Each structure stands twice: as structure tokens, then as C-alpha cells.
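The chain and its coordinates are shown below.

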Amino acid sequence: QVQLVESGGGLVQAGGSLRLSCAASGRFFGIGAMAWYRQFPGTRRELVAAATSGGSTNYADSVKGRFTISRDNAKNTVYLQMNSLKPEDTGVYYCNAEMTFWRGERSDYWGQGTQVTVSS
């Protein structure tokens with residue numbers, strides 16, 4: 001069974017920083033893209049940032065220049081460094097990973113979500 005375990009959320013003042021981590025564990029062959037999504041109350045999840053296994057990254061326009069996604073492939077972990085946080089960044093942040101298995105199968109997995117609250 002594959003698990004994605006997130007950590008690092010919390011309460012921070014506007015202008016502050018937080019670093020989210022998401023570690024994958026279980027039985028799998030490899031990991032493709034890893035990403036962070038966020039969800040505001042009453043809305044759908046939206047992509048915040050994504051990173052391929054080769055190191056390519058992309059970001060939502062709203063976080064460019066403030067957030068940085070990175071991966072430690074040896075630890076099966078993805079990070080999201082969030083700087084210059086704004087109250088509108090408040091939401092639940094979810095880790096997503098495309099896991100690959102030995103017969104070529106691929107499946108998406110999600111973390112449990114971590115709350116990020118930015119006070120003004």
C-alpha cells in the first residue's frame with residue numbers, strides 16, 4: 001500500500017514562510033511527477049506547483065516567485081518552500097504523486113492534506 005504523508009503546515013503571519021514536506025512510502029517501482037495542490041472552502045483543488053522526476057517544474061501564476069518546489073528522489077520526498085505568504089494562500093494543501101509499478105501500471109496518490117493559515 002502506498003502512502004503520502006505530509007507535514008509542515010500551520011499558522012503564520014503575512015510575509016512569513018512555511019516549508020511543506022511530503023514523503024512517499026510503501027511498495028512501488030518509482031515515482032513520476034510530484035505536485036502540490038491547494039483547496040479553498042467551497043472550491044476545487046487547484047495546482048500550485050509540480051516537478052517531474054527529471055527536475056522540470058511549473059507553478060501557478062499566483063505563486064510564481066514566492067513558492068519553490070523541490071524533490072529529494074533518494075528520499076521519495078517533495079517539498080514546497082513558501083515565502084512571502086499572503087492571507088489568500090490560506091487553504092488545505094495536498095501532495096500528489098504519480099506512482100509507477102513493476103508491470104508498467106501508473107496510479108495517482110494523494111496525501112491527507114495539511115492546513116496552511118496566513119493571518120493578516
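## Strand pairing around β4

Two strands are taken to pair if DSSP finds at least two bridges between them. The model discussed here is predicted. In it, β4 and β9 run antiparallel and are joined by eight bridges. Within this pairing, Y37 stands opposite Y94 of β9.

β4 also pairs with strand β5 (residues 46-51), in the antiparallel sense and over five bridges. Here W36 has A49 of β5 as its bridge partner. The two strands β4 and β5 make a hairpin, with six residues between them. G42, in the turn of this hairpin, has a positive phi of about 80 degrees.

Strand β4 spans residues 30-39, and seven of its 10 residues are buried, so the strand is largely enclosed by the rest of the structure.

## The disulfide

A disulfide is a covalent bond between the sulfur atoms of two cysteines. The count for this model comes to one. The bond joins C22 to C95, with an S to S distance of 2.1 Å. C22 belongs to strand β3 (residues 18-25) and C95 to strand β9 (residues 91-100), so the pair ties together parts that are 73 residues apart in sequence.

The torsion about the S-S bond of C22 and C95 is about -80 degrees, and the disulfide is therefore left-handed. Buried means under 20% relative accessible area. C22 is buried because its relative accessible area is 0%, and C95 is likewise buried because its value is 0%.

E6 is placed in strand β1 (residues 3-7). Which side chain of opposite charge is nearest to E6? That side chain is R45, 7.4 Å away.

The side chain of E6 does have polar contacts with the backbone. It reaches the backbone nitrogen of G113 at 2.7 Å and the backbone nitrogen of T114 at 3.3 Å.

Leaving aside residues up to four places away in sequence, E6 touches S21, C22, W36, Y93, Y94, C95, G111, Q112, G113 and T114. Among these are C22 and C95, the two cysteines of the disulfide. The contacts also include W36, the bridge partner of A49, and Y94, which stands opposite Y37.

Terms used. Residues numbered from 1 in each chain as written. Predicted model: local features only at pLDDT ≥ 70, side-chain atom pairs only at ≥ 80, totals over all residues. Heavy atoms only, no water. Helix = DSSP H or I, 4+ residues; strand = E, 2+ residues; numbered from the N terminus. Buried < 20%, exposed > 50% of the residue type's maximum accessible area, 1.4 Å probe, protein only. Lys, Arg positive; Asp, Glu negative; His and termini not counted. Salt bridge = Lys/Arg side-chain N within 4 Å of Asp/Glu carboxyl O. Polar contact = N/O pair within 3.5 Å; in protein donor to acceptor, adjacent residues only side chain to side chain. Contact = heavy atoms within 4.5 Å. Disulfide = S-S within 2.5 Å.
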